[in-house]
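Trainee: Could we go through this model together, one question at a time?

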Amino acid sequence: MVDGQARANRLDAAQLGAELGERATLVQFSSAFCQPCRATRRTLGEVAGMVDGVAHVEIDAEAHLTLVRDLDISRTPTVLVLDATGRIVRRAAGQPRTVDVVAALGHAM
């Protein structure tokens, strides 16, 4: 269980399938027919484009069930905000507002 707990607190490039952002990473868990996931993708992409050193990684929840279980993701979209080391500093389910994403990044950087 230690491995599961470690994964639940920190993520790395191998788990995400993409490199972490230099300053922070926005991780979005999505599913194919999730309408709010599309809007979330746009919002997180815009924020990542505005803030230097921030990456946006989208993960197909259905294709990564082990990670979904390890992180206790119960719905899509779910967004995790990671600091530069991959530590999860914020988490939210549902479609986020831009202002909330920017505020969450403040806790990560």
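Mentor: This is a predicted model, in which local features need pLDDT of at least 70 and side-chain atom pairs count only at pLDDT 80 or more, while totals for chains, interfaces and linings use all residues. Residues are numbered from 1 along each chain as its sequence is written, and side-chain values use heavy atoms, with hydrogens and water left out.

Trainee: Which residues form a disulfide?

Mentor: A disulfide is a pair of cysteine sulfur atoms within 2.5 Å, and by this rule the count comes to 1 disulfide. The sulfur atoms lie 2.2 Å apart in the pair formed by Cys34 and Cys37.

Trainee: Is Cys37 buried or exposed?

Mentor: The term buried means under 20% relative accessible area, exposed means over 50%, and partly exposed lies in between, with a 1.4 Å probe and protein chains only. Cys34, at 8%, counts as buried. Because the relative accessible area of Cys37 is 1%, Cys37 is likewise buried.

Trainee: In what order do the strands form the open sheet?

Mentor: Strands are DSSP runs (E, at least two residues), numbered from the N terminus, and two of them pair if DSSP finds at least two bridges between them. The pairing in this open sheet of 4 strands is mixed, and the order is 2-1-3-4.

Trainee: Which are the edge strands?

Mentor: An edge strand here pairs on one side only. Strand 3 (residues 78–83) pairs with strand 4 in the antiparallel sense over 5 bridges, and Leu82 stands opposite Ile88 in strand 4. The edge strands are strand 2 (54–60) and strand 4 (88–93).
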